[in-house]
Amino acid sequence: MSVLLDIIAGVREDMHARQQLVSLAEVQDRARLAAPALDAWAALGGDAAVRGDLKVIAEVKRRSPSKGDLAGITDPAALAVQYRDGGASVISVLTEERRFSGSLADLDAVRAAVDIPVLRKDFTCDEYMIWEARAHGADVVLLIVAALDDEQLRSFLDLTHQLGMNAIVETHTAEEIGRAVAVGAKIIGINVRNLKTLDVDRGVFAALAGGIPAGPIVVAESGVRDVDDVRHYSSHGAHAILVGEALVKDSTPQERIGEFKAAGALENNPR
């Protein structure tokens with residue numbers, strides 16, 4: 001079994017346990033009562049005609065399967081405020097429990113602390129998780145193409161839009177980019193981490209980004225260590241970067257985000 005399939009098996013088990021406590025009907029009611037979703041599409045640059053500087057999606061991430069524990073985040077809300085004050089456009093919150101030590105409590109804390117869009121970063125495998133994300137105030141969800149068939153991908157994306165949310169549709173191959181484009185994804189992520197081996201190959205972004213037509217926002221995911229990596233992604237067409245480890249392990253994440261944004265602005269982004 002690949003790492004991705006193993007993670008999703010655990011995610012399903014944990015989701016079913018939550019459903020025993022809060023039914024789909026209940027979580028739908030809570031979602032409908034939540035404040036309207038913030039517009040992550042606009043926050044990340046929106047229409048191509050008004051895109052300019054590189055955007056940063058800054059992640060609250062406690063651990064990872066490849067690196068183990070990353071940071072002892074005692075106050076996710078305070079970290080999110082630092083991210084916002086540093087110029088992040090979106091805050092990503094890991095909510096997967098088994099491999100990433102995340103939680104919906106982290107999502108709740110961040111949502112209460114910041115007034116910019118928040119991404120529920122998890123392995124979405126059921127519509128329940130989308131309703132649940134909205135009920136907890138998330139504005140964006142992650143849809144991983146490798147984890148979904150075309151029918152699921154389309155229906156999950158449609159539901160996301162019906163709830164006024166956005167989705168980052170994550171891809172790893174040219175074939176997955178084609179599937180994302182076919183369902184009308186407005187925000188397409190290219191993750192340079194192989195979800196079977198967990199290896200990172202930053203060259204994957206350069207190889208794949210040109211296959212995304214004009215229109216969608218392009219997000220570079222994984223592998224950002226320093227400003228050189230940021231410049232690399234920006235020069236090959238990234239409109240935004242998603243950064244977790246490099247920020248949670250930094251004592252001054254606010255300043256680091258500023259450096260990343262400045263590095264991206266130095267590149268002549270061809271998209």
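A crossing of two helices is left-handed if the near helix is turned anticlockwise from the far one by less than a right angle, and right-handed if clockwise. Helices (H or I, at least four residues) and strands (E, at least two) are DSSP runs, numbered from the N terminus. The model is predicted: local features need pLDDT of at least 70, side-chain atom pairs count only at pLDDT 80 or more, and totals for chains, interfaces and linings use all residues. Residues are numbered from 1 along each chain as its sequence is written, and side-chain values use heavy atoms, with hydrogens and water left out.

**View 1. Helix α2 crosses helix α6 in the left-handed sense.**
Two packed helices are described by the angle between their axes and the distance between the axes. For α2 (residues 24-33) and α6 (residues 127-135), the angle is about 35 degrees and the axes are 7 Å apart. Axes are lines fitted to C-alpha atoms, for helices over the stretch in contact; angles run from 0 to 180 degrees between N-to-C directions. From α2, the contact uses L24, V27, Q28, R30, A31 and R32. From α6, E127, Y128, W131, E132, R134 and A135 take part. Contact means heavy atoms within 4.5 Å. By class, the residues of this contact divide into six nonpolar, five charged and one polar. Ala, Val, Leu, Ile, Met, Phe, Trp, Tyr, Cys and Pro count as nonpolar, Asp, Glu, Lys and Arg as charged, and the others, Gly among them, as polar.

**View 2. Eight strands form a closed barrel.**
The order is β1-β4-β5-β6-β7-β8-β9-β10, and the pairing is parallel. On average, neighbouring strands are turned by 25 degrees against each other, direction ignored. Helix α4 (residues 76-86) packs on the sheet and touches β1 (55-60) and β4 (90-94). The direction of α4 makes about 170 degrees with that of β1. Two strands pair if DSSP finds at least two bridges between them.

**View 3. Strand β6 is covered on both faces.**
V140, L142 and I144 lie on one side, V141 and L143 on the other, and all are buried. That makes five of five residues in β6. Buried means under 20% relative accessible area, exposed over 50%, partly exposed in between (1.4 Å probe, protein chains only). Strand β5 (residues 118-121) runs parallel to β6 (residues 140-144), joined by two bridges. L119 has V140 as its bridge partner in β6.

**View 4. Strand β10 pairs with β1 and with β9.**
Four bridges link β1 and β10 in the parallel sense. A58 has V243 of β10 as its bridge partner. The pairing of β9 and β10 is also parallel, over three bridges. Here E221 is bridged to L242 of β10. In β10 (residues 240-243), A240 and L242 point one way, while I241 and V243 point the other way. All of these are buried.

E176, I177, R179 and A180 of α8 (residues 174-182) are buried. G184 follows the helix, with a positive phi near 85 degrees.

**View 5. F100 is buried in a loop.**
The loop lies between β4 and α5 (104-113). F100 has a relative accessible area of 9%. Neighbours within four places in sequence aside, F100 is in contact with I7, K61, R62, R63, S64, P65, L94 and F123. Q254 lies 154 residues away along the chain, and its C-alpha atom is separated from that of F100 by 23 Å.

**View 6. L198 and S222 have positive phi.**
Most residues other than glycine have a negative phi, and most peptide bonds are trans. L198 is not a glycine, yet its phi is positive, about 75 degrees. L198 sits in the loop between β8 and α9, and counts as buried at 17% relative accessibility. S222, also not a glycine, has a positive phi of about 75 degrees. S222 belongs to the loop between β9 (217-221) and α10 (227-235). Its relative accessibility is 17%, so S222 counts as buried.
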